[in-house]
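Please prepare a briefing on the structure shown here, with the main points grouped by topic.

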Amino acid sequence: MTETYRVALAGNPNTGKSTLFNALTGLKQHTGNWAGKTVTLAEGTLTHKGINYQLIDLPGTYSIFSNSRDEEVARNYIVFEKPDVTLVVVDATSLERNLNLALQILEMTRNVIICINLIDEAEKRGISINERLLTRRLGVPVIKISARNKTGFPLLLDTIERLAEGKLVCEPARITYDKDIEIKIASLEPFVAEMVEDRISSRWVALRLLDGDESLLDELKSRLKVKEGSA
Amino acid sequence: MNTELANSGSRGDLNALYEKAQQLSSSDLRDKIVGSLYQESKRLCEAGVHHSNTKRDRRTEKLDAVFTSPIWGFPIMMVMLGIVFYLTIAGANVPSDMIARFFGWLENYITAFFQWISAPDWLYGVLVLGLYRGTTWVVSVMLPPMAIFFPTFALLENYGYLPRVAFNMDRIFKKVGAHGKQSLTMAMGFGCNAAAMMSSRIIESPRERMLAILTNNFVPCNGRWGTLIVLASLFMAAGYTGGAKSLVTTSVVVGIVLFGILVTFLVSWVLSKTVLKGVPTHYTLELPAYRRPKFWETVIRSSLERSWAVLLRAVKVAAPAGILTWVLANVSVGDTSVLMHIVNFLDPFGQMLGLDGYILMAFLIGLPANEIVLPILIMGYLSTGALTEVDNLGDLKQIFVDQGWTWLTALNMMLFSLLHFPCGTTLVNIYKETKSIKWAFLAFLIPTMIAIFVTFVIAQSVKLLG
């Protein structure tokens with residue numbers, strides 16, 4: 001019996017996320033109606049070194065608050081469906097803007113790989129990126145690829161494998177907010193932790209509640225209800 | 001047993017926890033969070049990204065420092081708007097004239113043909129005096145401005161300036177409780193309000209989308225340009241000639257447009273404080289690098305596409321309306337035509353607004369498309385019920401003056417045109433987009449009330465002041 005690991009792809013629109021998805025899965029894909037919602041996500045499979053992976057292409061979003069349906073779908077998948085690995089695809093030519101989303105995702109989950117895509121385009125424009133430094137600072141693997149030219153794939157696939165199998169443990173750097181917010185988070189977090197246990201990052205939930213994320217609140221309520229029903 | 005208790009307990013706790021979080025929270029919390037994220041991204045990039053030859057990026061940064069500057073951003077926008085309108089107004093004069101003369105010349109042959117086959121008068125009336133003149137009027141008045149306005153707009157867009165406009169406007173929209181992307185749907189509205197309804201889909205939040213939909217009408221569309229430009233140049237710039245005339249016309253039109261934008265903000269603000277309460281959502285606006293577009297390709301494509309759309313609309317809407325007006329003017333009940341019955345009925349109300357019965361009738365029959373309001377009005381004014389050949393604008397002005405028009409009538413007609421109910425196509429699209437009769441009706445009612453209120457106040461105060 002071989003286990004299938006689930007790998008979610010997140011990223012800003014126009015970062016070549018779907019190009020990467022297509023390049024990795026080839027023709028082995030279909031669109032799945034996910035979690036009974038009207039949103040369809042593209043899914044595909046991939047085999048590397050005898051291990052099967054299921055890839056899920058999340059909607060492209062600029063942030064992952066609850067501004068739109070797409071953002072909610074992406075957030076719910078990452079937080080509640082808990083993929084084994086989350087790939088955050090970022091555009092090498094506008095890294096600063098793209099890292100916003102990556103930082104937000106790092107608050108939600110640990111097993112993240114940051115794929116710096118369009119590296120060929122960036123090099124053409126004279127942008128050089130020190131991925132080792134970023135890896136150190138972010139606490140998760142940062143890998144340069146070009147989905148179009150299929151460069152950087154071997155390292156990416158090996159890293160996915162090591163992360164999925166638990167051979168590599170991530171320690172995502174967390175953002176420190178200003179003192180005021182940190183105090184508020186600290187006062188809420190213990191209560192949140194009691195409720196969500198270690199299934200979801202309590203720091204993140206506390207922050208979202210402070211931000212007035214009602215959609216997350218509803219989601220938490222219904223998820224707890226489902227659990228109760230099955231108990 | 002135990003888990004059940006724990007879980008039902010936690011659901012109650014969740015609500016309590018959320019309330020607690022809300023008490024702790026402050027209104028600037030999201031801004032602070034987003035700010036921290038941006039700072040961190042910036043720090044990471046400063047450390048880990050090295051630019052070696054980024055001439056284009058630096059140029060973009062320098063241009064953005066000017067175009068999106070808190071001081072220069074708005075004046076530059078005004079100037080740009082002025083330039084676009086000036087080019088449109090000054091440039092459209094000559095071709096408009098040429099096209100009108102061409103259609104007039106062609107009409108002689110068509111008339112000769114009808115005489116040759118000895119067609120009955122009513123057939124000649126419906127087809128030539130109604131349909132042909134209605135359609136060709138729309139084409140000759142609308143087509144040249146569109147063929148200049150749209151390519152200019154498309155060029156600004158392709159150079160990368162329009163996203164900066166959205167960026168600048170975001171500050172105001174946020175203040176009035178709306179979404180910054182509303183400025184993009186507004187820009188779309190300059191072309192066509194009906195199309196802008198569809199473009200409002202780019203706004204994710206239903207509340208802010210509704211604001212964009214309900215206020216879009218206050219930017220004058222394609223179909224209203226003609227009315228605004230013709231009336232401004234006839235009555236507002238009457239004492240000027242040549243370049244100065246175009247300049248005065250432009251200033252009046254720009255003033256009208258700014259007034260429309262002001263009303264947009266006001267209405268958005270009022271709605272977001274009353275029926276559409278809420279806080280504006282955050283969003284990311286991409287500011288692409290400035291780049292030189294393919295000039296001729298942009299110009300040719302946008303003018304051809306637009307011209308085609310205008311022509312098609314002229315035939316689809318102006319033609320039947322031309323026929324309808326001719327029929328109304330030539331079918332009598334008692335000893336008065338149906339048209340005159342309508343006009344007499346509307347006249348007292350029209351006078352209160354500084355307008356008259358003909359003008360209100362034209363707006364009503366013009367519901368399907370704003371393009372036809374002015375041609376219908378002129379057809380109404382002429383006793384035959386057919387649009388006479390108007391060879392030059394002087395003739396046109398005489399028609400208006402004979403009906404007792406003053407600058408006040410022109411101003412109020414322009415304002416009414418700017419503020420009144422959206423056209424039929426737009427209303428249908430609003431219904432399709434919102435799936436709600438209530439909102440579609442409000443989209444009709446709000447602008448109409450404002451149009452009546454504004455023109456009433458102006459007409460009455462001018463009367464008071466003598």
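A:Glu214 lies in helix H9 of chain A, where helices (H or I, at least four residues) and strands (E, at least two) are DSSP runs, numbered from the N terminus. A:Glu214 is partly exposed because 13 other C-beta atoms lie within 10 Å; a residue is buried if 20 or more other C-beta atoms lie within 10 Å of its own, exposed if 12 or fewer, and partly exposed in between, with C-beta atoms placed from the backbone. Its C-alpha atom is separated by 8.4 Å from that of A:Ser66, 148 residues apart along the chain.

This is a predicted model, in which local features need pLDDT of at least 70 and side-chain atom pairs count only at pLDDT 80 or more, whereas totals for chains, interfaces and linings use all residues. Residues are numbered from 1 along each chain as its sequence is written, while chains are lettered from A and ligands numbered from 1 in the order in which they are written.

**Confidence and composition of chain A**

- The average pLDDT of chain A is 86, and 90% of the residues score at least 70; pLDDT is the predictor's confidence in each residue, from 0 to 100.
- Where pLDDT is low, the predicted coordinates should not be read in detail.
- Chain A contains nine helices and eight strands, and 46% of its 231 residues count as buried.
- Of the contacts in chain A with a separation of 6 or more, 65% are between residues 24 or more positions apart; two residues are in contact if their C-beta atoms, placed from the backbone, lie within 7 Å.

**Strand pairing in chain A**

- Strand S1 (residues 4-11) of chain A and strand S4 (residues 51-57) of chain A run parallel and are joined by six bridges; two strands pair if DSSP finds at least two bridges between them.
- Within S4(A), A:Tyr53 stands opposite A:Tyr5.
- S1(A) also pairs in the parallel sense with strand S5 (residues 85-91) of chain A, over five bridges.
- A:Val88 in S5(A) is the bridge partner of A:Ala10.

**Surroundings of A:Cys115**

- A:Cys115 is placed in strand S6 (residues 112-117) of chain A.
- A:Cys115 counts as buried because it has 26 C-beta neighbours inside 10 Å.
- Leaving out residues up to four places away in sequence, A:Cys115 touches A:Leu20, A:Leu87, A:Val88, A:Val89, A:Val90, A:Ile143, A:Ile145 and A:Leu156.
- A:Leu9 and A:Cys115 are 106 residues apart in sequence, with a C-alpha to C-alpha distance of 9.8 Å.

**Helix H8 of chain A**

- H8(A) is mostly covered, since eight of its nine residues are buried.
- The buried residues of H8(A) are A:Ser202, A:Trp204, A:Val205, A:Ala206, A:Leu207, A:Arg208, A:Leu209 and A:Leu210.

**Contact between chains A and B**

- In chain A, 41 residues are in contact with 40 residues of chain B.
- At least two residues each of the side of chain A that touches chain B come from helix H3 (95-108), strand S7 (127-129), helix H5 (131-138), helix H7 (179-196), helix H8 (202-210) and helix H9 (214-230) of chain A.
- H9(A) gives the most to this side, with seven residues.
- The side of chain A that touches chain B divides into 22 nonpolar, nine polar and ten charged residues; Ala, Val, Leu, Ile, Met, Phe, Trp, Tyr, Cys and Pro count as nonpolar, Asp, Glu, Lys and Arg as charged, and the others, Gly among them, as polar.
- S7(A) and strand S1 (residues 49-51) of chain B run antiparallel and are joined by three bridges.
- B:His51 in S1(B) is the bridge partner of A:Ile127.

**Chain B**

- Chain B contains 19 helices and three strands, and buried residues make up 40% of its 466 residues.
- Among contacts in chain B between residues at least 6 apart in sequence, 75% join residues at least 24 apart.
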